[in-house]
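I opened this notebook to record what I looked up in one structure. The entries follow the order in which I consulted it.

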Amino acid sequence: MDLPVSYAGRPVGTIIAHAGRTDLLYHSDWQTASDRFPISIAMPVGPGPYSAELVLPWLMNLLPEGEPLRAMTRVLGMSGEDVIGLIVETGNDLAGALSIASRSWPGAPDYRLVPDSEALERIITELPVRPFLVDEEGVSMSLAGAQDKLPVHWDGAKLSVPLNGAPSTHILKPDNSRLPGSVQNEALCMTLARLVGLDVAPVTTGMAGARSYLLVTRYDRTTDAEGHVARIHQEDFCQALGRPPVAKYEFNRTGVRGPSLSDMIELTRQHMTARDTTRLLDAAILNVAIGNVDSHAKNYSILLGPDGATLAPLYDLMSGLAWDGITQNHAQEVGGQRRGRHIYGRHWRRLADASGLAARATVRRVEDMTARLLRALPQAAEEVAAMPASAGIMLGDFVRTISERIGEVRAHAGEEGVDTEEPEASGAQGYA
């Protein structure tokens, strides 16, 4: 089977799946195009071919995980191991700029209007059993992750479902019954990051009947004055480092060690600018300060264009401090410590030393970032409360626990601390 890989209707390459092999070849025209960009940092534009060792993990990271993947395979009657088959069914609107498909659709790219709040509530309710509206005529899209979500088109007034390969502009993330207030939690963390000057995907909240949702503007899409949507290419750090999605956590039970912060900083130093390296460090500080224990390697991404690579805006920011049953171990360690409340100055200096950064400047950056976060937190809470889904039932709890953790991280940055041997938390890693 040959799967064409295209960008805005132009051939980029071909994925060749045959006789137990899966190879990627760049198209000859793409190799000489003035606006070419790589499919992945791990697979630079060139004659190739690239083998399954790199191609399959990259493709796997385009698909959902956990229950959304299981639900998708049940609907399609396919195995979760059939990566190529799943990409065939969902590859017309993916994260990034590329479409991957072996068949065309009966109609031109278009959008189907969601007529009202009641219809949207039905779609949200059905997502757990029909992720991404899979198997619906004309619908072919996928996003990574283990949370229910839906790519949609939003023009500022109307919400629509993309058809026949039309690009989405936003990601709709419904409330989570297992995590009360999840919509306000993520809105708060994203708004807080924006207020302290970090580059963050814009968000707002909404209501569909009794259901609340977060609406996230896709940073890998642009819309011109006439409403035409263009795709921008991106990949997450698992893709860039050639790791499968099951290895997104630094510490896992797969036998494949996940990317560390040092690995990610090193990749950034090699392929991006010093400013991007600083932005990545700031993001890591933010995630420790707000208690985002699920800030794994797939929750950081890279934009890839003709002029090179740059760190993508932040997304999927959520605090795990106010809920029971969530581990307090972060997805990646900081200088040998994973518990946010036990990360001290010496841990930040160890991270700096391992990453080729200035140790004293790193600690000062922690102190500066946490001071700004504390000042901005009340305004962030006010902005979230004013959004369409309002404050919800737990916004006050989120503000309180985040404020306490920011204060701890700030105070501990100036202290040496002592090594602790806390047992592994019994709660689940992640928010799915």
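I first noted how elements are named: helices (H or I, at least four residues) and strands (E, at least two) are DSSP runs, numbered from the N terminus. I also noted that this is a predicted model, in which local features need pLDDT of at least 70 and side-chain atom pairs count only at pLDDT 80 or more, while totals for chains, interfaces and linings use all residues. Residues are numbered from 1 along each chain as its sequence is written, and side-chain values use heavy atoms, with hydrogens and water left out.

**Entry 1: the whole chain**

I counted 12 helices and 17 strands in the chain. The C-alpha atoms fill a box of roughly 60 × 50 × 40 Å along the principal axes. I then checked the radius of gyration, which is taken over C-alpha atoms; the globule rule is 2.2 Å times the number of residues to the power 0.38. For 432 residues a compact globule would have a radius near 22 Å, and the 21 Å of the chain agrees with this.

Of the 432 residues, 56% count as buried. Buried means under 20% relative accessible area, exposed over 50%, and partly exposed in between (1.4 Å probe, protein chains only). For contacts, meaning heavy atoms within 4.5 Å, I looked up the separation in sequence. Residues 24 or more positions apart account for 69% of the contacts with a separation of 6 or more.

**Entry 2: positive phi and a cis bond**

I looked up Ser390, which lies in the loop between α11 (359–385) and α12 (395–413). Its phi is near 60 degrees, a positive value in a residue other than glycine. Ser390 counts as partly exposed because its relative accessibility is 35%.

Ala8 also has a positive phi, of about 50 degrees, although it is not a glycine. I found Ala8 in the loop between β1 (2–7) and β2 (10–18). With a relative accessible area of 69%, Ala8 is exposed.

I recorded a cis peptide bond between Gly48 and Pro49, with omega about 0 degrees. Pro49 sits in the loop between α1 (28–32) and α2 (52–60).

**Entry 3: two buried residues**

Is Arg221 buried or exposed? Arg221 has a relative accessible area of 6%, so it is buried. This residue belongs to strand β11 (residues 221–223). Leaving out residues up to four places away in sequence, Arg221 touches several others, including Asp93, Pro167 and Ile232.

I next looked for polar contacts: pairs of N or O atoms within 3.5 Å, where, within protein, one must be able to donate a hydrogen and the other to accept it, and residues adjacent in sequence count only if both atoms are side-chain atoms. A polar atom of the Arg221 side chain lies 2.9 Å from the backbone oxygen of Leu94.

Thr327 is in the loop between β15 and β16 (329–334). Thr327 is buried, with a relative accessible area of 2%. A polar atom of its side chain lies 3.1 Å from the backbone nitrogen of Asn329.

**Entry 4: a sheet**

Strands of a sheet pair through backbone hydrogen bonds, either parallel or antiparallel. I noted an open sheet of three strands in the order β13-β14-β15, with antiparallel pairing. Its edge strands, β13 (233–236) and β15 (308–311), each pair on one side only. Two strands pair if DSSP finds at least two bridges between them. Four bridges join β13 to β14 (residues 301–305). In this pair, His233 stands opposite Leu304.
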